[in-house]
Amino acid sequence: MFIILAVVILGSAVMCVTTTRIMRAATFMLFVLFGVAGLYFLLDYTYLGAAQISVYAGGVTMIYVFAIQLVGKRTLQGLVERVKCSRAICGACVSLLGFAVVALILLKNDFITKACCATDGVEVPMSVIGQALLGSEKYQYVLPFEFISVFLLACIIGGIVVSRKEEEK
């Protein structure tokens, strides 16, 4: 089951970033998110799987709405100019640079060896995870979640303002 989910996730992710049509990209992203939810269900994290489906399926629905509102009819039909070769090369260079930075951080901090060679085998209880996500003390994440929600609200308002048609005088 893991192999099937991994193939669906990787294939959909590649198709999401390589397609030129925004609705297809959003649909492939939805498949990626459902695949990740399937991984959560496979690991018996039913709450995280259900949250993944409910939160991100709603998010992709919003992407559909904004894609229809913000993007012109010609773009939705796929009548756009192709990506220039120089932009593709720059994008590939930036992606490789990002991958190198992530790999360097993983190797420098020994994340891989700590994750693979953990001998205690003790799982973190869900109450500790919930307290870390919703607590307001040091190393807890309620404040970043609130900042993200305000930022997303500002993005929604900005999208509405941009999509509004100006009246002719």
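Read along the sequence, the chain runs α-α-α-α-α-α-α-α. That pattern amounts to eight helices and zero strands. The model is a predicted one, and what follows describes the chain as the model shows it.

Some totals come before the details. The chain has 169 residues, and 13% of them are buried. The chain exposes about 13,700 Å², and carbon and sulfur atoms supply 70% of this area. Contacts can also be sorted by how far apart the two residues lie in the sequence. Among contacts with a separation of 6 or more, 48% are between residues 24 or more positions apart.

The start of the chain gives a pair of helices to look at. Two packed helices are described by the angle between their axes and by the distance between the axes. Helix α1 covers residues 2–18 and helix α2 covers residues 22–42; they pack at an angle of about 155°, and their axes are 8 Å apart. An angle over 145 degrees counts as roughly antiparallel, and α1 and α2 are therefore roughly antiparallel to each other. The crossing in which α1 passes α2 is left-handed.

Which residues make the contact between these helices? From α1 come F2, L5, V8, I9, S12, A13, M15 and C16, and from α2 come A25, F28, M29, F31, V32, G35, V36, G38, L39 and L42. By type, the residues of this contact are 15 nonpolar and three polar, with no charged residue.

Between α1 and α2 lies a loop, and T19 is found there.

What is Q52 in contact with, leaving aside its neighbours within four places in sequence? The residues are L33, V36, A37, Y40 and A57.

Key. Residues are numbered from 1 along each chain as its sequence is written. This is a predicted model: local features need pLDDT of at least 70, side-chain atom pairs count only at pLDDT 80 or more; totals for chains, interfaces and linings use all residues. Side-chain values use heavy atoms; hydrogens and water are left out. Axes are lines fitted to C-alpha atoms, for helices over the stretch in contact, and angles run from 0 to 180 degrees between N-to-C directions. Helices (H or I, at least four residues) and strands (E, at least two) are DSSP runs, numbered from the N terminus. Angles under 35 degrees count as roughly parallel, over 145 as roughly antiparallel, 65 to 115 as roughly perpendicular and the rest as oblique. A crossing is left-handed if the near helix is turned anticlockwise from the far one by less than a right angle, and right-handed if clockwise. Contact means heavy atoms within 4.5 Å. Ala, Val, Leu, Ile, Met, Phe, Trp, Tyr, Cys and Pro count as nonpolar, Asp, Glu, Lys and Arg as charged, and the others, Gly among them, as polar. Buried means under 20% relative accessible area, exposed over 50%, partly exposed in between (1.4 Å probe, protein chains only). Accessible areas come from the Shrake-Rupley method with a 1.4 Å probe; for residues, only the protein chains shown count as cover.
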